[in-house]
Amino acid sequence: RFIAKPCAINLGIQDSGPHRAQPNAILEKVFTAITKSPDGRRLEGLSKQLDWDMRKIQRWFRHRRNQDKPSTLRKFCESMWRFTFYFSIFLYGIRFLWTAPWFWDTRQCWYNYPFQPLTSRLYYYYILELAFYWSLMFSQFTDIKRKDFLIMFVHHLATIGLITFSYMNNMVRVGTLVLCLHDASDFLLEAAKLANYAKYQRICDAFFMLFGVVFIVTRLGIYPFWILNTTLFESWELIGPYPSWWLFNGLLVTLQVLHIIWSYLIIRTAYKALVRGKVSKDDRSDVESSSEEEDVTCSSTKGALSTSSNGSNRMNGHVAAGQWTEK
C-alpha cells in the first residue's frame, strides 16, 4: 500500500481491471448456477432465447470470467512483495552461510550429527522461510488459477514437509543449503514480472532469460550434484541410513522431479522467445487471458513455474515457469 502501489502508479500502471461484461440476468444466472464455459448446445439455446449471436454470447462469458481477476496494479504489488522477500532472504542466507563451514564442505553437515547447535540466526532463517511457504500454500487457493496448480501444490507440501522435518530432526545445516539454493532464482522471476507489468519488455525478457539460466544451473546442476550427493551418499557414509533418512531423501528427490518439469517449461518458453524474437506465452500462465479482446495471441512469459510476461500487447501479465512456478 505504501511502497509498491506508489511505485506502480509512477510507472503508469492503472488500477483498472479487465473489461466488465454487459449486465444480463439470464446469462448471469447460467454463469453462477450452471457453467462458466457453456458448450455449443447451450450456446445455441441461449442464442435463440436472447436473440444474440453465439459469438457475442461467447464474448460475454469470456468477459464475465475475466472481470473477477485482479488488476495489473494488484499483481504488480503482489510481485513486488515477493521480490522483496526473496531477494532479502537470499541475501540473508548468503551472508549467513558464507561463514558457515558446511557451505564449503558439505560433509560438515553430518559431523557430530544430531548433536549440532542451533544458533539464533539459523533459527530465524528457518522460521521465516517456513512462514512464507505456509502463506504461499494458503494463498494459492485465492490467487489466479494456473495450469500447474497441482504441481505447485505438491511443491509447497514437499517444501513445508522438508523444512519442518529437517528442523525436527536437526538437519538444519543441509536444510539451509537447500533453502538458499532455491531462493537464488526466485527473485529474478519476480523481477521479470515487475518489468512486464510496467511494460518494459526488453528488461522483462532479459530477466526471464537470466532466471532460466540460474534456475537450470542451480536446480539441474548444483542441486543434484551438491545437495543430493551429500544427503544420499555422504550422510549414508558418515551416519548411516535410518527410518527418517528415507523420508527425508524421498522429499528431496520429489523436488528434483519438479525441477525437471519446470526446467522443461522454461526451456520451451525460451525456445519460443528465440524463434519469435520475444518471450512467448507462458506455458503455465493463467487459465484464461485477462485481455479484453478474444483471439489475439497474448505474449506472456514457475511458473511454474507457478508467472508470465506479455508480448507486444502485454495484456496478460504473468511470467513463465516455476510461479512462471512462483518455484
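**Figure 1. Gln140 is in contact with Phe149, Met152, Phe153 and His156, leaving aside its neighbours within four places in sequence.** Contact here means heavy atoms within 4.5 Å. This is a predicted model, in which local features need pLDDT of at least 70 and side-chain atom pairs count only at pLDDT 80 or more, while totals for chains, interfaces and linings use all residues. Residues are numbered from 1 along each chain as its sequence is written, and side-chain values use heavy atoms, with hydrogens and water left out. Where does Gln140 lie? Gln140 sits in the loop between α7 and α8; helices (H or I, at least four residues) and strands (E, at least two) are DSSP runs, numbered from the N terminus. With a relative accessibility of 10%, Gln140 counts as buried (buried is under 20% relative accessible area, exposed over 50%, partly exposed in between, with a 1.4 Å probe and protein chains only).

**Figure 2. The whole protein has 11 helices and zero strands.** Follow the chain from the N terminus and the elements run α-α-α-α-α-α-α-α-α-α-α. How many of the 327 residues are buried, as a percentage? Buried residues make up 53% of them.

**Figure 3. Helices α5 and α9 cross with their axes within 8 Å.** Helix α5 covers residues 72-98, helix α9 covers residues 172-197, and the crossing angle is roughly 150°. The axes are lines fitted to C-alpha atoms, for helices over the stretch in contact, and angles run from 0 to 180 degrees between N-to-C directions. This angle makes α5 roughly antiparallel to α9 (under 35 degrees counts as roughly parallel, over 145 as roughly antiparallel, 65 to 115 as roughly perpendicular, and the rest as oblique). The crossing of α5 and α9 is left-handed; that is, the near helix is turned anticlockwise from the far one by less than a right angle, and clockwise would be right-handed. In the contact of α5 with α9 you will find 17 nonpolar, four polar and six charged residues. Ala, Val, Leu, Ile, Met, Phe, Trp, Tyr, Cys and Pro count as nonpolar, Asp, Glu, Lys and Arg as charged, and the others, Gly among them, as polar.

**Figure 4. Helices α9 and α10 meet with their axes within 8 Å.** Their axes cross at roughly 170°, and that makes α9 roughly antiparallel to α10. By class, the residues of the contact of α9 with α10 are 22 nonpolar, seven polar and two charged.

**Figure 5. Leu181 is a residue of helix α9.** Is Leu181 buried or exposed? Leu181 is buried, because its relative accessible area is 8%. Not counting residues up to four places away in sequence, Leu181 touches Thr218, Arg219, Ile222, Tyr223 and Ile227. Look for Ile94 as well: Leu181 and Ile94 are 87 residues apart in sequence, and their C-alpha atoms are 9.5 Å apart in space.

**Figure 6. Helices α2 and α3 come within 11 Å, axis to axis.** Helix α2 spans residues 25-33, helix α3 spans residues 40-50, and the two cross at roughly 160°. That makes α2 roughly antiparallel to α3. The crossing of α2 and α3 is right-handed. Which residues meet here? From α2 come Ile26, Leu27 and Val30, and from α3 come Arg42, Leu46, Gln49 and Leu50. This α2 and α3 contact divides into five nonpolar residues, one polar and one charged.

Figure 7. Most residues other than glycine have a negative phi, and most peptide bonds are trans. Tyr113 and Pro114 are joined by a cis peptide bond, with omega about 5°; Pro114 belongs to the loop between α6 (101-104) and α7 (120-139). Asn170 is not a glycine, yet has a positive phi of about 60°. Asn170 lies in the loop between α8 (149-168) and α9, and at 14% relative accessibility Asn170 counts as buried. Lys199, also not a glycine, has a positive phi of about 65°. Its place is the loop between α9 and α10 (201-238), and at 55% relative accessibility Lys199 counts as exposed.

**Figure 8. UniProt, in an unreviewed entry, lists residues 83-103, 123-142, 207-226 and 246-267 under "transmembrane region".** UniProt positions are given in the numbering used here, feature names are shortened, and annotations may be inferred rather than shown by experiment. Over residues 83-103 the chain is 90% helix and 0% strand, with 24 Å between the end C-alpha atoms. Residues 123-142 are 85% helix and 0% strand, and there the end C-alpha atoms lie 30 Å apart.
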